[in-house]
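Let's take a walk through this structure, with the side chains as our guide. Have the coordinates open and follow along.

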Amino acid sequence: FPSHDMDGDITLGSGVTTAGPGNWDFTNRTVRTLNTAGRTIVPTTTINCYGSGGVQLLTNNATFTVGLTYNAGTFNLNNLQATMPSLFLGGGSGNLKTFAFGTGNVTLTNTGFVYSAQDNQNLTVTGTPNINVTYAGASGVTVDTGYNNTEANSLNFNFTAGTYPLTFLGFNTTGFGGDAARNVNFTGYSGTWSYGINTSGYIFGNLTLSSTMTVNSFSNELYFASSGTATINSAGKTFPGPLRATGTGTLLLGSALTTTTTFTLEFGTLSLATFTLTCDNFLTSGVGTKTLDFGSSGSVTCTGTGFPWSSFTGTLNLAGTVSPINITTTASTGTVTVYPGDRTEANPLSFNFTGGTYTLSLFGGTSTRVRDLNFTGFSGNLSALATGATIYGSITLSSGMTLSAGTNPLTFAATSGTKTITSTDIVTGK
C-alpha cells in the first residue's frame with residue numbers, strides 16, 4: 001500500500017489484508033470513521049486531523065502493527081480499544097488535540113519508547129484515559145509523558161505484566177513540571193521501576209504498586225498533586241526516595257507507607273486512615289494550611305537523624321484520633337532536632353522518644369507547645385531550652401537520660417484534667 005492521505009471514511013472488508021511500506025495519514029477536516037472489520041493495520045499510521053472539525057472515529061477495535069503518531073485534531077476511541085506497539089503524541093504546542101477515550105483504552109505492546117509525548121499544553125483529554133502497557137518480556141521500556149502536563153490532561157497508566165526495567169516519570173526535563181500521570185497501577189508488573197532519573201514527576205491520582213516489583217533508589221521528589229482524593233497503596237514496598245504531598249485535595253494511605261528519606265506535607269490533607277507512615281524525616285513546607293488526619297488509628301514514625309520532625313512552616317491542622325509521633329532514632333552521637341511547632345492546647349502533638357544516646361534538641365524555634373512527652377527507652381541528653389516551652393499534658397522521663405541545665409522556663413499549662421510528671425530519679429533532678 002503506497003503512502004496516502006486519508007480524508008474520508010475507511011471501511012475494510014473482512015477478507016482485506018493491508019501491507020506496507022506506505023504510510024496512512026488521516027487528514028480529516030470533518031468527522032470520519034475507521035472500520036477495520038477486525039483486520040490488522042500494517043502500514044505506518046499518522047493522525048493529522050487539522051482544523052476545528054477534524055475527527056478520527058473508531059467504529060470497532062483497531063490493531064496497528066506499527067507505532068501510531070497522533071499530531072492534531074480529535075482521536076475518538078468511541079469506547080473501543082486501539083492496540084499498537086507504541087504511541088507518539090507530537091505536533092508541538094501549536095496543534096490542538098482532543099484525545100477522547102470514553103470507556104475505551106489504548107494498549108501498548110512493544111519495548112523501548114512505547115509512549116512518548118511532546119508539549120501537552122493544547123491537549124484535551126475526555127473520558128477515562130487508560131493507557132495499558134501489556135508487554136510481558138524482560139527488555140527495557142520507557143514511558144515519556146512529555147511536558148506542560150496538568151491534572152486535567154494527564155493520563156492513566158497501567159503496567160500489567162513483565163519483568164522489564166521501566167523508566168517512567170521524572171524523565172522529561174523540558175517545560176513545566178516534568179513528567180506527570182493521573183492514576184498509576186503496577187498490578188501484575190514484576191520488574192524494576194526507575195523514577196526521577198532526570199527531574200521530579202507528578203502523580204495526580206492513585207498510585208498502586210505491585211508486591212513483586214522493585215523501586216529503584218531516587219533523589220528527585222515524587223509529587224502527589226491531586227485536587228481530589230487520591231490513594232497510595234504500596235503493597236509492602238519501600239520508597240527509597242523523597243515523597244511530597246503537594247495537591248490541594250486529600251492523599252489517603254491505602255496501606256502502610258514507608259520512605260527511607262523525607263516525607264513533605266506541603267498542601268492539602270494527608271489522611272493516615274488506619275496505617276503507619278514511616279519516614280526518616282517528616283517536614284511541613286510552604287506558607288499555606290495543611291492537615292494531618294490520623295483517621296481512626298493512624299500513626300507516624302520518624303527514624304532519621306538531623307531533623308526527624310519539623311512542623312514549624314505554615315499552619316498544620318490535626319484531625320482524627322491524634323496519636324503520638326514516634327521518634328525511633330537510634331543514633332549514638334550527634335544532635336537530633338525536633339520542631340513540634342507552636343500549637344494551641346486544643347490541638348497539640350505528643351511525642352515518644354524510644355531509643356538512642358544522642359543529644360536531643362526538642363524545644364527549638366521561637367515557641368514550642370506540646371501535649372505529652374514520653375522518653376521511655378531514650379538514653380541520651382535533652383539539651384537546655386532555647387526559648388520558653390509549654391507542655392499541656394504529661395511528661396515521662398527515662399532513667400537512662402540526662403538533662404542539661406538552662407534558664408528558660410518549661411511551663412505546664414493544662415487548663416483541665418489531671419496531668420502527670422514522672423521523674424525516675426528525683427535526687428539527681430530527673
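What follows goes from charged pairs to a serine and its neighbours, and then on to the aromatic rings.

One thing to keep in mind is that this is a predicted model. With that said, let's start with charge. Side chains of opposite charge can pair when their charged atoms come close. How many salt bridges does the structure hold? The count is three.

Pick out E221 and R244 to begin with. These two form a salt bridge in which the closest N and O atoms sit 3.0 Å apart. E221 comes from the loop between β25 (214-215) and β26 (222-224), while R244 belongs to strand β29 (residues 243-245), so the pair ties together parts that are 23 residues apart in sequence. Is E221 buried or exposed? Its relative accessibility is 17%, and since the cut-off for buried is under 20%, E221 counts as buried. R244 is buried as well, at a relative accessible area of 13%.

Where does E266 lie? Look in the loop between β32 (262-265) and β33 (268-271); with R244 in strand β29, the pair ties together parts that are 22 residues apart in sequence. Here, too, both E266 and R244 are buried.

Now hop over to D342 and R369, whose side chains meet in a salt bridge at 2.5 Å, N to O. This pair links distant parts of the chain: D342 is in the loop between β41 (335-339) and β42 (351-353), and R369 is in strand β44 (residues 368-370), 27 residues away. R369 is partly exposed, with a relative accessible area of 27%. Going back to the shared partners, salt bridges join E221, R244 and E266 into one network.

Next, a stop at S299. This serine sits in strand β37 (residues 299-302), and at 14% relative accessibility it counts as buried. Which side chain does the side chain of S299 meet in a polar contact? That would be the side chain of T276, at 2.8 Å. Leaving aside residues up to four places away in sequence, S299 touches L272, F275, T276, L277, F294 and S323.

That leaves the rings. A pair of aromatic rings is described by the distance of the centres and the angle of the planes. The structure holds 28 aromatic pairs. One of them is W24 with F26, an edge-to-face pair at 6.4 Å centre to centre and 80 degrees between the planes. W24 counts as buried at 2% relative accessibility, and F26 is buried too, with a relative accessible area of 1%.

Then there's Y115 with F157: the ring centres are 5.4 Å apart and the planes are at 75 degrees, so this pair is edge-to-face. The pair links distant parts of the chain, from Y115 in strand β14 (residues 112-117) to F157 in strand β18 (residues 156-159), 42 residues apart. Both Y115 and F157 are buried.

Finally, zoom out from that pair. Y115 and F157 belong to one aromatic cluster, which they form together with Y135, F159, Y164, F168, F186, Y189, W193, Y195 and F218.

Note on methods
Residues are numbered from 1 along each chain as its sequence is written. This is a predicted model: local features need pLDDT of at least 70, side-chain atom pairs count only at pLDDT 80 or more; totals for chains, interfaces and linings use all residues. Side-chain values use heavy atoms; hydrogens and water are left out. A salt bridge is a side-chain nitrogen of Lys or Arg within 4 Å of a carboxyl oxygen of Asp or Glu. Helices (H or I, at least four residues) and strands (E, at least two) are DSSP runs, numbered from the N terminus. Buried means under 20% relative accessible area, exposed over 50%, partly exposed in between (1.4 Å probe, protein chains only). A polar contact is a pair of N or O atoms within 3.5 Å; within protein, one must be able to donate a hydrogen and the other to accept it, and residues adjacent in sequence count only if both atoms are side-chain atoms. Contact means heavy atoms within 4.5 Å. Rings of Phe, Tyr and Trp (its six-membered ring) pair if their centres lie within 6.5 Å; planes under 30 degrees apart count as stacked, over 60 as edge-to-face and the rest as tilted.
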